[in-house]
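Biologist: I am new to this structure and would be grateful for a close look at a single part of it. Please set out the surroundings of that part as well.

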Amino acid sequence: MTLGLLPPDGPERLHAAALALLEEVGVRIAAPPAVKVLAAAGARVDGDRVRMPRNLVEQALAAAPPHVPLHDREGGRVAVLGEPGTWFNPGSCATRWLESDGRTVRESTASDLETLLALNDTLEHIALQSTALVCHDVPRQVGDSYRLWVALATSPKPVVTGAFSAEGLHDLLDLLAAVAGSRDALAARPLAVFDACPSPPLKWAHPAAMNILEGARAGVPLNFISMPMPGAASPVTLAGSLLLHTVENLSGLVLAQVAQPGARVIWGGAPVVFDMRYGTSAMAAMEATLMGLAAAEMGRWYRLPTHTYAALSDGKVVDAQAGAETAAGAVLTVLGGINLVSGPGMLEFALTHSLEKLVIDHEICGQALGLTRGLRLDPEALASELIAELGPGGNYLACSHTRRHFRSEFRLPGPVLDRRDRRTWHAEGARDSWQQAREEAASRLARPPRRLQGPRREALDAAMREVFRRRQVSPPPHFLAHLRPDR
Amino acid sequence: MDRGSLLEEMYRVVYEGEVHRAAAVAERALEAGLDPLECLDLGFMKALQQVGVEFGTGEKFLPELVAAAEAVQRALQVLEPRLAALRSRRQALGRVVLGTVEGDIHEIGKRIVGSLLGAAGFEVVDLGVDVPAGTFLERARELQADILGLSALLTTTMERQREVIARVRQAGLPVRVMVGGAPVTASWAEEIGADGYAEDATAAVELARRLVGVERCG
């Protein structure tokens with residue numbers, strides 16, 4: 001079961017229009033080494049403007065693998081993107097933190113990131129983690145690598161991440177290789193997805209282009225996150241924005257495949273509605289979700305793994321808007337068959353993360369994932385014999401068929417999504433979902449964490465120290481606190 | 001065309017956001033002998049401020065505001081040389097020179113800020129994107145800017161804001177510097193010695209008013 005929004009000939013028409021634009025208009029790439037390899041592969045280059053002929057694009061598409069496996073820190077396979085299924089991860093990368101009073105918002109820190117990822121580690125319906133927060137208490141030069149160090153040290157889940165600069169990519173690769181054992185081992189069992197975002201419309205800034213070029217060569221999965229802004233940085237029509245999205249993602253894909261044929265790529269996106277009143281980028285707007293679903297249809301048509309931003313909210317606090325927008329996004333992206341969905345935990349245009357929201361969203365994601373199962377119609381499930389046997393007035397509660405199947409037929413949510421009767425709810429404290437989430441977060445955080453330990457931890461810390469040395473910064477207090485023996 | 005209809009025409013090209021006609025209308029007004037200052041105050045800028053008011057009340061939206069501001073920019077390009085020759089300076093709240101720092105090609109946020117500042121009565125000179133520190137310095141000096149606005153959307157290009165501010169201070173320019181962009185925060189603004197930081201375009205207008213010493217009204 002997969003939701004389809006495009007007309008049957010939609011992907012073909014979008015593809016044809018995208019090919020024409022890539023050939024005639026092209027994209028601007030502000031990274032000479034990337035432009036150089038594209039020129040050598042047959043792109044027409046004029047300064048930083050790169051026009052890509054049709055056959056180059058078709059070759060690149062043919063070279064891109066349909067599946068991207070993702071492994072956890074211990075080497076176990078967690079997901080195969082491109083196969084049916086949705087895997088959620090907390091959106092990346094917010095700059096603010098909503099405190100547990102539910103109102104105070106401040107700049108996020110390394111310790112916030114560690115707490116968020118420790119909590120995320122306990123949430124089964126959010127299969128991946130991400131470098132979800134910018135750590136404002138960490139020197140800027142190591143802002144990208146330090147986030148990844150926190151993630152790798154805190155939780156075994158695969159990581160959605162990205163480098164802030166061309167050099168940053170190598171810092172991140174060193175950390176990942178330290179955990180995986182070597183760069184080859186990392187390439188064999190990818191542990192992280194690297195996001196690469198074009199700057200709409202039709203531009204790739206230097207860091208993003210260099211990350212594609214060198215990330216492809218290093219064998220890390222690259223996630224192209226085009227972010228059309230209808231009416232501001234792309235045509236105001238959803239179709240026009242979708243076309244621009246297609247062109248931008250294809251240009252990234254061509255660069256990756258030219259750099260390394262067979263490079264693992266993901267057809268991603270962060271569609272938004274540019275609000276014409278406030279100038280904000282509403283990520284949870286229904287039209288944004290619609291674009292995300294349609295973009296994923298394009299990705300599937302290209303036989304590529306897909307990604308989008310969804311299951312998040314543009315509200316400022318964890319309220320009804322937060323729940324409604326997150327649930328709509330989660331349900332629609334699961335039904336839309338999008339493989340990788342970034343968003344849970346996020347508020348305010350992906351700027352803010354909250355522990356409590358992550359706990360609530362986890363239950364929402366769990367319910368949404370329940371939709372993928374569809375309905376079995378085999379005799380045991382259809383139970384016509386049973387219906388005949390029990391007849392009118394039969395008692396299903398007492399029969400063995402019920403005992404056999406009730407555990408697998410239903411996903412029971414809780415404690416946040418509440419199904420108690422009012423009297424019990426009252427007797428047990430009459431807590432609303434925010435209060436439930438707060439308690440649930442605290443109790444989950446009290447569980448023993450699955451921190452990386454032993455020789456691989458030493459290797460990871462050594463790699464981080466090497467990055468500090470290379471970037472000529474002192475280790476932040478958060479790092480030093482981790483090395484104290486009492487931890 | 002008489003003075004009245006010319007002023008009406010100027011008002012209309014801005015109010016309706018007819019960007020491509022603005023320069024021609026300004027030229028026609030100058031040919032007819034109108035005072036360039038009057039063209040701005042009673043024609044082009046009057047319309048932009050009206051669009052600003054209607055944006056504030058929710059009757060007009062960003063595409064209309066940005067188009068109106070863009071039309072004024074086009075008209076200014078025609079009127080500026082004449083204003084300079086007459087050595088007259090407009091009764092604007094202040095002159096703002098703004099741009100996106102070197103290495104950064106992001107445009108939208110800065111353009112919205114520019115439009116809103118224009119609608120609020122500031123004179124705005126937009127230097128575009130990927131602007132080197134030296135260009136900010138030269139243009140701010142040459143235009144005797146009251147405010148310099150530096151936009152950056154990447155964590156890697158934020159450092160350029162620091163560089164521009166350092167050079168502005170070193171040169172002793174009497175200009176107030178405001179910074180903005182997605183990764184920019186109040187503490188960053190403080191760290192690099194900016195005179196102010198605004199989280200969004202509306203806040204940028206309030207900040208600019210504060211920086212030139214105009215109390216917030218309404």
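Which strand of chain A is joined to β9(A), and how many bridges join them?

Modeller: Residues are numbered from 1 along each chain as its sequence is written, while chains are lettered from A and ligands numbered from 1 in the order in which they are written. This is a predicted model, in which local features need pLDDT of at least 70, side-chain atom pairs count only at pLDDT 80 or more, and totals for chains, interfaces and linings use all residues; side-chain values use heavy atoms, with hydrogens and water left out.

Strand β9(A) is joined by 2 bridges to β10 of chain A, residues 159-161, and these strands run parallel. Two strands are taken to pair if DSSP finds at least two bridges between them. Strands (E, at least two residues) and helices (H or I, at least four) are DSSP runs numbered from the N terminus. Within this pairing, A:Gln129 is found opposite A:Val159 of β10(A).

The pair belongs to an open sheet of 5 strands in chain A, ordered β9-β10-β11-β13-β14, with parallel pairing. Both β9 (129-130) and β14 (265-269) of chain A have a single partner strand and stand at the edges, so one side of each has no neighbour in the sheet. Helix α9 of chain A, residues 238-259, packs on this sheet and touches β13 (222-226) and β14 of chain A. The direction of the helix makes about 155° with that of β14(A); axes are lines fitted to C-alpha atoms, for helices over the stretch in contact, and angles run from 0 to 180 degrees between N-to-C directions.

One residue of helix α9 of chain A is A:Asn249. A:Asn249 counts as buried because its relative accessibility is 0%, where buried means under 20% relative accessible area, exposed over 50%, and partly exposed in between (1.4 Å probe, protein chains only). With neighbours within four places in sequence left aside, A:Asn249 is in contact (heavy atoms within 4.5 Å) with A:Phe224, A:Ile225, A:Ser226, A:Trp267 and A:Gly268.

On the scale of the whole chain, domain 1 of chain A covers 62-373 and domain 2 covers 379-409, with bounds from an automatic or database domain assignment. The centres of these two domains, taken over C-alpha atoms, are separated by 43 Å.

Chain B may be described next. Chain B holds 9 helices and 5 strands, and from the N terminus its elements follow the order α-α-α-α-β-α-β-α-β-α-β-α-β-α. The C-alpha trace of chain B spans about 55 × 40 × 30 Å along its principal axes. Of the 218 residues in chain B, 51% are buried.

In chain B, strand β1, residues 95-100, is mostly covered, with 6 of its 6 residues buried. On one side of β1(B) lie B:Arg95, B:Val97 and B:Gly99, and on the other B:Val96, B:Leu98 and B:Thr100. β1(B) pairs with β2 of chain B, residues 123-126, in the parallel sense over 4 bridges, and B:Val96 stands opposite B:Val124 in β2(B).

Helix α4 of chain B, residues 62-85, contains B:Leu83. B:Leu83 is buried, its relative accessible area being 3%. From B:Leu83 to B:Ala182 the separation is 99 residues in sequence and 36 Å in space, C-alpha to C-alpha.
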